[in-house]
Amino acid sequence: MKTIKLLVCAVAISFIQVAQAIPQIEHWVTENGARVFFVAAPEIPIVDIRFVFSAGSSRDASKPGLANIVSQLVKEGAGDLDTNEFNEQLAQTGAIFSTGALRDMAWISLRSLSEEQYLEPALGLLQSVLSRPRFDNDAFERRRATALISIKRDKQSPGSIASKAFYKAVYGDHPYAVSPSGTQASVASLNIDETVVFRERYYVANNATLAIVGALNKAQAQALAARLSAGLKPGEKPADLKTVSQLVAPIEQRIDHPSIQSHVRIGQPGMRRGDPDYFPLLVGNHVLGGSGLVSILFDEVREKRGLSYSVSSHFSPMAALGPFTASLQTDGSQVDEAISVLRNEIRKFIDDGPKVDALEAAKQNLIGGFPLRISSNSKTVEYLTMIGFYNLPLDYLKTFSTHVEAVSVDDVRSAFTRRLDPDKMVLVVVGKKNSDGG
Amino acid sequence: MRYIDSLSALVLLVATFQAMAADRTHESLLDNGLKLIVQEDHRAPVAVVQIWYKVGSSSEYDGITGVSHALEHMMFKGTKNVPPGKFSEIVAAKGGNENAFTSTDYTAYFQTWAAENVALSFELEADRMRNLLLLEEEFKNEIRVVLEERRLRTDDNPQALLGETARAVAYQTSPYRQPVVGWAADLQAMEIGDLSAWYKRWYAPDNATLVVVGDVEPKAIKALAIKHFGAIARQNVKPMRKRPEVVQQGTKTVTVTSKKTHVPHLYMGYKTPVLNDVSSDLPEWEIYALDVLMEILDGGPSARLSRRLVREKRIAADVGADYSSTSRLSGLFSFHATPAAEHSLEDLEEAIIDEIAILQKEPPTQAELARIKTQVVADRIYQRDSMFYQGLIIGTLESVGLDWRLNDEYVENINRVTPVQVRDVASKYLIPASLTIAKLLPGAGE
């Protein structure tokens, strides 16, 4: 098949064309402190607006689950409108409104048609959400009851159990240890006053990043940003999270669960956004287990041994050191074999680094695939929020490919050796414990 | 009278939508029967290529369930020209994002990447349309992966298991009673010969639709398609048999208990027709009225089920409805719900049936209908932000035997639905005789 080989050899020259596709990011700060990031996208008559606040579960302090409930209450009516009235008006605009909270951030998103007739009332609703959210006790009680059911339902999912246990073990007394959904006990003990205090502390302009993408010009975006952020109190930017401590010894945890498969997580604290080792770790992990259907772990665990449907490793860069996690699931009878393959491959990769051709292939994939990362408004708005929230340079997208291209085998080996220690990793296994005590 | 405002606004909105829809999509038919549909989207220098085969779990019969999906896995395992594992390496090296999916009605493969790679997509797909190796060794490994996938998605997931059981009970003769992934025993007994026969029978240009969405020029794409697929001979694939569902004559109930379950769950499904069932006895408006009915119950923030059952009566922790008018065979209008604390599945069932009864008595208000229609049009415009999703709609319609143009006509068809029509389809189809109720409860059992 000559032609295929030829095409494969003619590798990533798409590099130059990519440069033209990179969106022009406009950045400014509103009068009361919200940091705005805007990309004009005139092709489709829609507008995406996304506020993010450092108001995720890492701000829960002694009340796990608080940030999550607060983000849900943001959807429960505003100003004179109770939830039902608010939702009816929202539905009339055709807009899509969503909120949520993870560990680092909480967000409020709106997607609307850009025609004034629709955009205007949708913005009015968003404005009242930002300036006068209701936080009625009634809605709070209902949301809390639902949150408790959802925590209970997580017990049905061996994957959820494994993730929660993994974060707990990796992070100890760091705020990342706790699941954003909280625990039965903590959520049951929450009250409405705490949610209001939390919102007033964290949903403020100086703690806000606002990303806008859509069929607007800069002046329109500026007016829009000023109008929306005016509803927020200036407030203060909260302090940085405390530093994550490295593990001092390996931790192994086997949790009994009636599932047929055992779910495995292996890892430790990894890297943060803007980390000096970001690119070597990103590219290196792409070789190890980060890239979809082509990676060392995929090959060793799935392609060669048929042990797992999905197997991967990834770094989750966060404000503080986010985790490095390798995971798989396999029939309980073969979990020890799978764990040993996973461990060996991670250790080997840390010791030996990537092979030259594998590294080149990973770089080609990341560079060649770059246009896909910004090929839609919804993806672009996510990138803007990330750049803004984590204070990444404005030319992050422009320089991404150059940074990837520059990573060498030595860079990867050096970064992995410094950042990961296979002798001090957390291992969590959720599944049936073997009767022979294995 | 707010609804008058929103209705006139709706007219404008529909006009905007129609202006956007014009002339972006180009269809051609190759001599060997391969249908090509190209949709231009020049926002970014990328394109998605999807090839859809009209074969899925509803083509299967007892004993070989899951064979379409297993074959999908094997499509990455080598051809005469591209050795096992190489396909994904080639795509990865060019920055491609690729995968495949199997449903009841189709099996589809896709690559998303720089638009200049469309030719490579065609070359690779044309190759694996006829030249698959299907090696015994590879199969033995891959069928284990498929079994792990089944355990992950279904066996260890109580709500998914409930869904699988509900469909197996609801359908008596329709092949929709079989899970897409296949029954575990069938997978364990499956042989490479089953896959070879399946591959030979269904993988042919005259049983496929090639969809390209992205920064491409339709004429050039057509020339490329002819170049790469043109030499493959038509196989005269015999379309699959219909195997329609018999008329159900009474409510069926089933309970699934397992010690993996901590939170009970309710599933209710009513037999309903789809666009493919439209005939002189079954007018098209009924199908669109069912779509609107679904939206009234569970479309957007002001929909009835959440408002009434979650926020007002507080019987449900969550509740939703589901209906798809674009399957190959008739399907189910379904409800799924989790009871709030202190409430039973029976309370929930009663509350859902109450909501249905209200719709059977009182047509929805004009204002409610206007809200739904606005959201439907807005959603169609939002769809434009995802090339992949646009391809998905075209591919699905074509694969189930409908015309992709229906997507552009959808807004108009929904717009014509009247409140009384919504009431009428609720009364005609959401009836006890065609209902299946499935309950998930904590208890004994694996």
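## A colleague's note on the two-chain model

1. Let's start inside chain A, with a pair of helices. Leu123(A), Leu126(A), Gln127(A) and Leu130(A) of α5(A) are in contact with Leu224(A), Arg227(A) and Leu228(A) of α10(A). Sorted by class, the residues of this contact are five nonpolar, one polar and one charged. Helix α5 of chain A covers residues 116-131 and helix α10 of chain A covers residues 218-230; they pack at an angle of about 35 degrees, with their axes 8 Å apart. Keep in mind as you look around that this is a predicted model.

2. Helix α11 (residues 278-290) and helix α12 (residues 296-303) of chain A pack at an angle of about 5 degrees, and their axes are 5 Å apart. Because angles under 35 degrees count as roughly parallel, α11(A) is roughly parallel to α12(A). On the α11(A) side the contact uses Val287(A), Leu288(A) and Gly289(A), and on the α12(A) side Ile296(A), Leu297(A) and Phe298(A). The class count here is five nonpolar, one polar and no charged residues.

3. Now step back to chain A as a whole. Chain A contains 18 helices and eleven strands. Its C-alpha trace spans about 60 × 55 × 40 Å along the principal axes. How does the radius of gyration of chain A fit a compact globule of 438 residues? Such a globule would have a value near 22 Å, and chain A has 23 Å, which agrees. Of the 438 residues, 54% count as buried. Among contacts in chain A with a separation of 6 or more, 82% come from residues 24 or more positions apart.

4. Chain A is assigned two domains: domain 1 runs over 24-230 and domain 2 over 251-431. Their centres, taken over C-alpha atoms, are 28 Å apart. Where they touch, 28 residues of domain 1 of chain A are in contact with 30 residues of domain 2 of chain A. On the domain 1 side, β2 (35-40), β3 (46-53), α7 (158-171) and β6 (208-214) of chain A each supply at least two residues. The most comes from α7(A), with nine residues. By class, that side of domain 1 of chain A has 18 nonpolar, five polar and five charged residues.

5. Chain B gets a domain assignment too: domain 1 (24-229) and domain 2 (252-442). For chain B, 28 Å separate the centres of domain 1 and domain 2, taken over C-alpha atoms. The contact takes 31 residues from domain 1 of chain B and 27 residues from domain 2 of chain B. β2 (35-40), β3 (46-53), β5, α6 (158-170) and β6 (208-214) of chain B each give at least two residues to the domain 1 side. Which element of chain B gives the most to the side of domain 1 that touches domain 2? That is α6(B), with nine residues. The residues on this side of domain 1 of chain B divide into 14 nonpolar, twelve polar and five charged.

6. Next, the place where the two chains meet. Here 62 residues of chain B are in contact with 66 residues of chain A. On the chain B side, the elements that each supply at least two residues are α1 (2-21), α3 (86-93), β5 (107-114), α4 (118-130), α5 (136-155), α11 (304-312) and α13 (366-383). With nine residues, α5(B) gives the most to this side. By class, the side of chain B that touches chain A has 24 nonpolar, 18 polar and 20 charged residues.

7. One backbone detail to check in chain A is Ala61(A). Its phi is near 50 degrees, a positive value in a residue other than glycine. Ala61(A) sits in the loop between β3 and α3 (66-73) of chain A. Ala61(A) is partly exposed, with 13 other C-beta atoms within 10 Å.

8. Arg314(B) deserves a glance in chain B. Although it is not a glycine, Arg314(B) has a positive phi of about 60 degrees. You'll find Arg314(B) in the loop between α11 and β9 (316-322) of chain B. Arg314(B) has 18 other C-beta atoms within 10 Å and is partly exposed.

Notes
Residues are numbered from 1 along each chain as its sequence is written. Chains are lettered from A and ligands numbered from 1 in the order in which they are written. This is a predicted model: local features need pLDDT of at least 70, side-chain atom pairs count only at pLDDT 80 or more; totals for chains, interfaces and linings use all residues. Two residues are in contact if their C-beta atoms, placed from the backbone, lie within 7 Å. Helices (H or I, at least four residues) and strands (E, at least two) are DSSP runs, numbered from the N terminus. Ala, Val, Leu, Ile, Met, Phe, Trp, Tyr, Cys and Pro count as nonpolar, Asp, Glu, Lys and Arg as charged, and the others, Gly among them, as polar. The radius of gyration is taken over C-alpha atoms; the globule rule is 2.2 Å times the number of residues to the power 0.38. A residue is buried if 20 or more other C-beta atoms lie within 10 Å of its own, exposed if 12 or fewer, and partly exposed in between; C-beta atoms are placed from the backbone. Axes are lines fitted to C-alpha atoms, for helices over the stretch in contact, and angles run from 0 to 180 degrees between N-to-C directions. Domain bounds come from an automatic or database domain assignment. Angles under 35 degrees count as roughly parallel, over 145 as roughly antiparallel, 65 to 115 as roughly perpendicular and the rest as oblique.
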